[in-house]
Amino acid sequence: MGSPAIPPLQPDARRVFDSLRWIFRELRMAHDPKGRTSGLSPAQVFVLHVLKDQGSLGIGALAQATATDPSSVSVVVRKLHQKGLVGKAPGTGDRRRREVELTAAGAKAALATPSPVQQGLLERMGRLEAVDLRALADLLEKVAPPAEDGHPAPMFFQDGASGGRR
């Protein structure tokens with residue numbers, strides 16, 4: 001019992017496959033699974049850099065800035081809080097709302113880590129024409145695996161779609 005036969009690839013399918021390989025290579029090279037260099041996951045570095053660049057943000061705004069959903073970014077923020085790299089403060093406009101902010105240690109960690117690869121990907125996608133970006137999104141959704149149990153997509157290198165809460 002072998003694997004099903006793969007039909008010959010069309011040249012454009014090869015281009016797509018090669019592009020995905022380059023993206024995965026970029027992500028893999030930026031990924032430090034055990035945090036040997038910084039002790040931080042790529043998702044944690046991404047959040048730290050967003051907070052460094054944009055200042056204090058609520059969870060919803062932080063999710064939007066990291067192109068993920070609030071539940072996923074909340075998991076990352078919780079881990080950063082446990083490490084003493086972020087804190088929560090009353091919102092500037094609404095004192096009842098809590099915003100996530102860098103601590104002094106978090107600011108130092110953000111400066112010590114390279115720009116996250118996610119920012120580069122988002123910047124490159126931001127340079128696409130709206131029609132091209134929509135076509136890319138539509139086509140990738142057709143080839144991406146289905147969402148796990150309806151969960152939103154996890155952040156890169158985050159365990160499971162539920163954000164590693166298993």
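Okay, quick definition to start: when I say accessible surface, I mean Shrake-Rupley area with a 1.4 Å probe. On that basis, the protein chain comes out at about 11400 Å², and 57% of that belongs to carbon and sulfur atoms.

Keep in mind that this is a predicted model. The chain averages a pLDDT of 84, with 89% of the residues scoring at least 70. The bit to watch is residues 161–166, where pLDDT is below 50, although the stretch does have 14 contacts in the model beyond near neighbours in sequence.

On to the overall layout. We've got seven helices and two strands, and from the N terminus the order goes α-α-α-α-β-β-α-α-α. Out of 166 residues, 29% count as buried. If you take the contacts with a separation of 6 or more, 57% of them are between residues 24 or more positions apart.

So what's inside? The largest nonpolar core has 21 residues, and the ones with the most contacts within it include Leu 40, Val 47, Leu 48 and Leu 51. Helices α2 (42–54), α3, α4 and α5 (104–112) each put in at least two residues, and α2 gives the most, with seven. Take Leu 51 as an example: leaving out residues up to four places away in sequence, Leu 51 touches Leu 57, Leu 62, Val 86, Val 100 and Leu 102. Leu 62 and Val 86 are themselves on the list of core residues with the most contacts.

Now the outside. There's a nonpolar patch on the surface, made of Leu 122, Met 125, Leu 128, Leu 133, Leu 136, Leu 140 and Val 143, and together they have about 530 Å² of accessible area. Both α6 (117–126) and α7 (130–143) supply at least two residues to the patch, with the largest share, four residues, coming from α7. Look at Val 143, which sits in α7. Why does Val 143 count as exposed? Because the relative accessible area of Val 143 is 61%, and the cut-off for exposed is over 50%.

Ala 67 isn't a glycine, yet it has a positive phi of about 55°. You'll find Ala 67 in the loop between α3 (59–65) and α4 (70–82). Is Ala 67 buried or exposed? Exposed, because its relative accessibility is 54%.

That's my tour, thanks.

Definitions and conventions. Residues are numbered from 1 along each chain as its sequence is written. This is a predicted model: local features need pLDDT of at least 70, side-chain atom pairs count only at pLDDT 80 or more; totals for chains, interfaces and linings use all residues. Side-chain values use heavy atoms; hydrogens and water are left out. Patches are made of residues with over 30% relative accessible area and no salt bridge: like charges are joined within 9 Å, nonpolar side chains (Val, Leu, Ile, Met, Phe, Trp, Tyr) within 5 Å. A salt bridge is a side-chain nitrogen of Lys or Arg within 4 Å of a carboxyl oxygen of Asp or Glu. Buried means under 20% relative accessible area, exposed over 50%, partly exposed in between (1.4 Å probe, protein chains only). pLDDT is the predictor's confidence in each residue, from 0 to 100. Contact means heavy atoms within 4.5 Å. A nonpolar core is a set of buried Ala, Val, Leu, Ile, Met, Phe, Trp, Tyr and Cys residues joined through side-chain atoms within 4.5 Å.
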